[in-house]
Amino acid sequence: MKRSITVLGTGRMGSALARALLHAGHRTTVWNRTIQKAEPLAALGATVAPSVLEAVNAAEIIIVNVSDYQATAAIMRNDAIASAVRGKLIVELTSGTPHGAREAAEFWAEHGASYLDGAIMATPDFIGTDAGTILVSGSSQAFDANEDMFRALGGNVQHIGEESGRANALDSALLALMWGALFGTLHAIAVCQAEEIDLGELAQQWNATAPVVEGLVADLIKRTNAGRFASDDETLSSISAHYGAFQHLLELMEAREIDRSVVLGYDAIFQRAIAAGQLHEDFAALSQFLGKSA
Ligand SMILES: NC(=O)c1ccc[n+]([C@@H]2O[C@H](COP(=O)([O-])OP(=O)(O)OC[C@H]3O[C@@H](n4cnc5c(N)ncnc54)[C@H](OP(=O)(O)O)[C@@H]3O)[C@@H](O)[C@H]2O)c1
């Protein structure tokens with residue numbers, strides 16, 4: 001079914017969302033604070049609205065993709081928009097926090113609008129492709145009724161629960177994992193540079209090591225989920241095995257005057273587990289030492 005859809009915000013991501021909707025044949029209206037950034041979409045068939053209110057009035061589904069929830073509030077939270085969205089569906093695809101999504105869901109429910117909150121797990125070039133992933137939380141009824149629109153945005157758009165904060169919560173969890181890898185890479189680069197190892201060699205050896213790390217990540221999640229913290233026959237590595245090698249890294253970084261602020265945070269987690277007598281347990285036992293009770 002072809003729909004009337006509005007996209008508020010046509011930065012890098014919002015433009016990609018609008019292009020995917022146009023490609024799928026949806027009647028698409030766009031608005032952007034800096035109107036020049038919306039104009040190229042007119043050549044693809046979009047209607048460029050001169051104001052947020054006109055953009056909201058033009059469609060039954062309002063997709064929002066601006067920089068953050070403060071920007072969404074700046075453009076949406078006024079009396080005129082609040083009455084214009086009554087009976088419509090707002091799909092917030094701006095990145096935010098779980099509590100921000102919950103608060104927005106309540107706010108728009110009070111104003112008679114349906115609300116879905118999505119986390120885009122992709123760069124703009126993935127939008128509209130089979131590999132485009134967006135996690136969506138909120139009313140499954142609203143999601144199911146508009147599944148074809150979501151499919152146009154990406155082949156891997158998933159409804160992950162009724163509770164509005166879930167998409168942003170899972171987004172933050174996956175970003176934590178990603179930044180662990182990216183900041184880890186920065187440390188690896190610093191070590192190689194200090195020790196005069198060519199970065200091409202780092203890249204080559206990482207290709208060989210990556211499957212091992214992927215296995216460790218999967219095992220850590222699986223064992224934590226099962227609460228299997230004690231070392232057993234299936235343990236891949238204990239805390240003590242990691243801790244020994246980790247001390248070598250700390251020593252090398254100190255000797256080479258590489259910033260240790262991040263890795264000393266890792267050391268603090270090791271120390272808490274060791275103080276609790278868990279040195280010889282599975283590495284997954286460390287997951288008990290990050291929560292507020294740690
Ligand atoms: N790019 C990615 O790879 C990616 C991936 C996943 C999620 N996201 C999320 O998608 C969202 C947009 O990212 P982007 O890459 O498209 O960023 P971007 O290119 O910098 O675009 C930001 C957009 O927000 C608008 N904006 C900012 N402050 C505003 C305000 N106070 N009032 C009205 N409009 C305002 C900008 O309008 P102007 O043009 O007028 O400045 C622009 O349309 C972010 O929440 C981001 O975290 C992006």
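1. A quick term first: "exposed" here means over 50% relative accessible area, and "buried" means under 20%. With that in hand, the outward face of α10, turned away from its buried side, carries the exposed residues H248, E251 and A255. Keep in mind that this is a predicted model.

2. Now the other side of α10. The buried residues there are I239, Y243, F246, L250 and M253. Looking down the axis of α10, they fall within an arc of 85°, so they line one face of the helix. The general rule behind such a pattern is that an α-helix has 3.6 residues a turn, so residues three or four places apart point the same way. What do the buried residues of α10 pack against? Their partners are α8 and α11 (261–275).

3. After the helix comes E257, with a positive phi near 55°.

4. On to α5 (residues 98–110), with 13 residues. From first C-alpha to last it reaches 19 Å, close to the expected 18 Å. G112 follows α5, and its phi is positive too, near 75°.

5. Which residues of α5 are buried? P98, G100, A101, A104, A105, F107 and W108. They pack against α3 (69–76), α4 (79–84), β5 (89–92), β6 (114–120) and α8 (166–194).

6. On annotation, an unreviewed UniProt entry lists residues 5–161 as "domain: 6-phosphogluconate dehydrogenase NADP-binding". Over that stretch the chain is 37% helix and 24% strand, with the end C-alpha atoms 23 Å apart.

Technical notes: Residues are numbered from 1 along each chain as its sequence is written. This is a predicted model: local features need pLDDT of at least 70, side-chain atom pairs count only at pLDDT 80 or more; totals for chains, interfaces and linings use all residues. Side-chain values use heavy atoms; hydrogens and water are left out. Helices (H or I, at least four residues) and strands (E, at least two) are DSSP runs, numbered from the N terminus. The expected span of a helix is 1.5 Å times one less than its number of residues. Buried means under 20% relative accessible area, exposed over 50%, partly exposed in between (1.4 Å probe, protein chains only). Contact means heavy atoms within 4.5 Å. UniProt positions are given in the numbering used here, feature names are shortened, and annotations may be inferred rather than shown by experiment. The arc is that of the directions from the helix axis to the C-beta atoms.
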